[in-house]
Amino acid sequence: MTSFPILSLMLLVPLVGAVISLMSGRETARMVALCATLIDLALGIVLWAHYDIGGAQWQFQEHADLFAGFSWKLGIDGIALMLIALTVFLMPICIGASWTAIEKRAGEYYAAFLFMETLMIGVFTAQDLFLFYIMFEAGLIPMYLIIGIWGGAERIYASYKFFLYTLLGSVLMLIAMFWMVNEAGTTDIPTLMQYDFPVQAQTWLFLAFFASFAVKMPMWPVHTWLPDAHVQAPTAGSVILAGVLLKMGGYGFIRFSLPMFPVASAHFAPMVWGLSIAAVVITSLIALVQNDMKKLIAYSSVAHMAIVTVGLFAFNRQGLEGSMVVMLSHGLVAGALFLAVGVIYDRLHTREIARYGGLAINMPYYALFFLLFTMASIGLPGTSGFVGEFLSLLGIYQQSSLIALISTTGIILGAAYMLYLYRRVVFGVQVHADTAAMPDLDAREWAMMVPLAVAVLWMGVYPETFMAPMRKDIGTLEARVAIAKPRGDADVKTVSRKAAATAAVALGAARVGGVK
Amino acid sequence: MSSILIIVFAPLVAAIIAGLGNKRLGAMPAKLITTGALFASCVLSWPIFIAFLGGHAETSVTPVLNWVTSGDLKFAWALQVDALTAVMLVVVTSVSALVHLYSWGYMSEEPDCPRFFAYLSLFTFAMLMLVTANNLVQMFFGWEGVGLASYLLIGFWFRKPSANAAAMKAFVVNRVGDLGFMLGIFGTFLVFGTVSIPQILHDAPGLAGSTIGFLGYRFDTATVLCILLFIGAMGKSAQLGLHTWLPDAMEGPTPVSALIHAATMVTAGVFMVCRLSPLFEQSPAALTFVTVIGASTCFFAATIGTTQTDIKRVIAYSTCSQLGYMFFAAGVGAYGAAMFHLFTHAFFKALLFLGAGSVIHAMHHEQDMRYYGGLWKKIPLTFAAMMAGTLAITGVGIDDVFGFAGFYSKDAILEAAFARGTQVGTFAFAMGIFAALLTSFYSWRLIYLTFFGTPRWDQSEHIQHAVHDAHGHDDHGHHAHAHDGTAGYHPHESPLNMLVPLGVLSMGAVFAGFVFAPAFLSEGSGTFWKGALVFNESVLHAMHGVPEMVKWAPFGVMVAGLLIATYAYLINPALPGAFTARFGFLYRFLLNKWYFDEAYDALFVRPAMALGRLFWKVGDVGVIDRFGPNGAAWVVSLASRGAVRLQSGYLYSYALVMLVGLVGAISWVIAR
């Protein structure tokens with residue numbers, strides 16, 4: 001397969017689809033969009049099937065020099081593969097979610113979505129620094145349009161805020177990229193990942209990238225664009241925003257910050273931890289008092305993404321793998337939750353929690369799916385939410401029990417706000433006649449929910465399917481950051497002199513480096 | 001032993017079929033499939049248990065599927081069966097099968113039957129995963145799975161706000177405990193490099209004398225791990241501080257209370273401590289903590305049990321109290337006694353709950369004992385079953401002759417606590433004896449209020465509704481109401497599918513202690529446990545050497561409790577009223593459950609909500625947005641300065657800025 005440019009094809013298909021739907025009416029456009037996303041899904045499956053787990057780090061590489069030293073260079077590792085899989089998996093569902101909801105300027109809408117798919121896959125496949133940058137930043141544009149044109153009442157403010165935040169961070173990143181290319185003499189990402197930048201320079205390079213990724217993540221306190229963006233975006237926009245766009249921040253940390261600036265990463269780890277635990281506690285508490293369903297889930301996303309950053313900056317295997325699994329899982333679960341909100345929003349046209357209640361009576365299957373995704377969001381073992389959260393928290397515990405303790409309070413607060421939401425929406429009596437008259441899921445909605453439910457359970461019960469392709473790459477990353485890995489200060493195990501000998505024997509290899 | 005696969009997964013399959021089939025499938029197939037699966041599991045479980053009793057079974061592990069591999073951290077789905085698991089298997093599958101059967105009658109009028117049975121079977125599956133776990137994470141899976149089922153079943157009647165609140169409270173309070181459990185798992189992995197339970201228990205002795213850093217301080221390693229894990233147990237087993245969800249959980253249907261909130265799920269904490277007993281043995285401090293918490297809970301819950309008027313709440317506090325016994329038994333090293341009490345308690349407490357359900361069924365959903373009275377003639381079989389349960393829980397029996405189930409297990413626990421000879425052991429003994437007095441009192445109080453005295457049914461709204469509905473618009477009906485307090489209501493004995501489980505469990509309550517005491521408690525029980533838990537022979541010897549006074553003390557307080565209850569509720573019914581009037585403060589303190597709910601509401605719930613609003617309105621909106629994106633002029637000026645700096649001669653930068661500017665302009669045009 002290496003000779004066949006499958007990655008370019010995956011970028012091309014949605015792009016062609018975008019052009020066609022731009023020129024078509026609603027009926028044609030959505031059909032084109034569905035076909036294009038399904039073809040990309042099929043290509044994604046082919047890609048995964050031909051990906052050689054444990055083989056070369058970079059596979060499916062393509063390279064063509066363009067003008068002025070700018071090169072078209074694509075390639076993926078296991079981490080990128082998983083994120084591409086997530087993207088192509090969610091896209092047809094997004095088209096399905098828009099099927100009836102989008103009426104005005106549908107051709108342009110589907111074009112924006114398809115264009116965005118190209119850019120998102122582009123982000124995960126780009127191996128040229130500036131190609132990455134263009135994809136990374138251009139990804140904002142369709143999203144900006146989707147919120148600004150097809151959004152709710154306050155869409156202009158929301159899209160403005162979204163654009164401002166994300167652009168501001170990216171300016172700093174661009175400057176840093178210029179400097180890096182100057183220093184290392186290449187725009188090749190795999191080469192840069194192994195390049196040892198001077199330690200002093202790493203500090204500001206890290207911060208410049210951090211400004212961009214922290215906003216994308218989003219980390220507290222640069223998260224306030226997210227609730228507004230989610231609330232105003234149409235359902236499919238929210239799904240893709242939570243499902244894929246939020247993953248770009250985490251992907252950035254994995255692809256750039258950690259491997260390129262390991263020393264600075266370690267240096268700034270306490271700052272990241274601090275912001276993360278602030279996010280877990282603060283945004284969870286905020287989620288608790290929301291009256292708007294989408295806002296609640298948006299705030300919960302901030303809290304979940306904080307678990308990602310905590311895990312990434314634990315600098316160990318479990319933390320890194322856990323973070324990736326949290327990202328994949330959150331993509332499915334938050335996407336599914338926004339979809340679940342969309343299902344009832346389509347029926348009642350309000351996101352206000354108090355307008356619902358008693359849905360278990362007239363929409364029992366909806367209640368079941370919503371329950372599954374709620375539980376996955378809470379991190380119930382057996383669902384995808386648990387595996388990543390567990391690994392990330394286990395990872396950070398090895399660095400700092402205090403950070404682990406505070407991060408883990410997220411499981412209490414998460415249960416509180418999600419169950420409170422579920423209780424108000426699904427349980428209780430039917431107060432409003434129009435709410436009580438809402439029909440249960442139709443065939444189209446079943447078709448969107450079932451794949452998500454299956455994926456969530458699969459990832460919860462047998463995550464190996466998803467972890468295996470990434471294992472080698474995370475190992476490489478772990479080795480890379482090991483240079484500067486901070487000592488697990490609080491939890492190095494020591495044994496008193498008397499019992500040291502016996503304990504050392506009993507503990508076998510005494511895996512924690514600090515048995516003194 | 002591949003039968004374990006059927007035992008564990010049959011309930012899951014049944015739950016999926018009944019749950020997804022839901023109303024399309026219909027009530028009868030759902031009932032048949034779930035109940036059938038449970039009886040199959042039960043029938044397959046007993047041979048395993050009997051094989052261990054006979055001493056000719058070995059620990060087996062049946063691998064199912066790999067779960068997670070992350071560096072050194074590996075854990076898989078697997079089913080481990082040893083003596084400890086075998087005990088839990090028979091308890092869980094037997095009680096669950098009987099509760100399924102009982103629910104045929106109890107839930108017969110419920111239109112949502114398939115959902116109910118699906119939840120019950122799902123619960124059983126999760127509980128079986130918990131008890132067969134051979135690594136801590138699978139145990140946590142079961143732990144959370146039973147939590148989910150408990151949440152769903154407490155909130156089964158989701159139209160009731162109180163049921164929804166109780167369900168949510170149960171889940172969230174349990175999550176507080178789970179925080180400890182999770183940190184305990186993290187710490188365990190850090191120390192041992194594995195989460196495999198056999199491996200941990202094998203390596204546990206190596207911890208002696210080691211310390212671990214935790215939250216910036218250094219502590220004894222085993223103590224930190226055990227206390228963290230025990231916090232999880234406290235949540236699930238409703239121990240002091242994290243107990244508040246259990247009484248509220250009575251909002252669920254009564255069969256649920258019997259299965260989950262009495263016999264099985266709430267004992268998971270005790271099971272965990274016993275399962276990890278070699279680890280707990282490494283930390284005297286943690287065992288002291290376990291003992292103190294257990295003893296305090298057993299006393300505290302019993303005091304509240306004396307004042308409650310809701311029949312289910314009395315039994316709920318009783319459960320809480322009995323769990324306290326199990327914990328301090330484990331705390332003093334008598335793990336066998338703890339497990340034995342778990343075993344006997346499962347039968348008699350399930351019996352009491354199902355008996356109470358039968359009473360409630362007969363009394364048209366009335367749960368308040370103040371409106372019962374004189375029922376024994378009307379529902380004699382239920383009365384007989386409740387008597388068996390009461391004799392068992394109060395521990396009636398004569399040494400070396402015969403005793404009801406609780407007699408063997410509770411006396412063993414009290415003797416072990418005394419025999420331990422430590423200060424906390426003696427404290428636990430004192431608390432346990434006092435709680436035994438209270439247990440006897442509130443149990444007999446329940447019997448007298450419910451079955452004896454004159455009927456007080458006419459004060460019950462439920463009964464009034466029932467009578468009114470029965471008479472319809474016939475106004476003459478009201479004249480038929482005699483002044484005998486019955487309001488003309490006729491309680492009926494429950495149908496056979498409810499009485500059979502009561503009968504079977506009554507057998508358990510009467511004979512389980514007598515039959516199985518040798519296996520669990522005698523010197524020879526080491527051959528039964530086969531290392532599944534720490535079998536402490538020195539404790540056993542010391543138990544035999546306790547003074548006669550200690551041996552007779554439980555019997556004495558049991559009789560005292562019986563006499564007080566008899567006098568106060570049978571001979572002189574005016575006494576309780578006079579007593580509560582005299583000691584109003586104490587009465588209100590107990591009636592309001594030591595004000596735990598109020599305190600937690602003021603300390604946690606309200607502040608959390610207030611903080612949430614503060615962070616939102618002041619933090620996000622008032623500060624971040626105000627000085628961030630809304631400070632538009634400031635942002636724009638900064639952005640333009642950034643743009644100036646970009647003019648560094650690179651083609652890229654021009655292209656990009658142009659692109660961004662172009663798109664901005666286009667979108668501006670489109671968006672407006």
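Visitor: Why is A:Arg105 called partly exposed?

Guide: A:Arg105 has a relative accessible area of 36%. Buried means under 20%, exposed means over 50%, and partly exposed is in between, with a 1.4 Å probe and protein chains only. So A:Arg105 counts as partly exposed. This is a predicted model, where local features need pLDDT of at least 70, side-chain atom pairs count only at pLDDT 80 or more, and totals for chains, interfaces and linings use all residues. Side-chain values use heavy atoms, without hydrogens and water, residues are numbered from 1 along each chain as its sequence is written, and chains are lettered from A and ligands numbered from 1 in the order in which they are written.

Visitor: What makes the phi of A:Arg105 worth a remark?

Guide: Phi is about 50°, a positive value, and A:Arg105 is not a glycine. Most residues other than glycine have a negative phi.

Visitor: Where does A:Arg105 lie?

Guide: In the loop between α3 (78-98) and α4 (106-125) of chain A. Helices are DSSP runs of H or I with at least four residues, numbered from the N terminus.

Visitor: Why is B:Trp594 called partly exposed?

Guide: The relative accessible area of B:Trp594 is 27%. B:Trp594 has a positive phi, near 65°. Its place is the loop between α25 (584-591) and α26 (596-627) of chain B.

Technical notes: Helix = DSSP H or I, 4+ residues; strand = E, 2+ residues; numbered from the N terminus.
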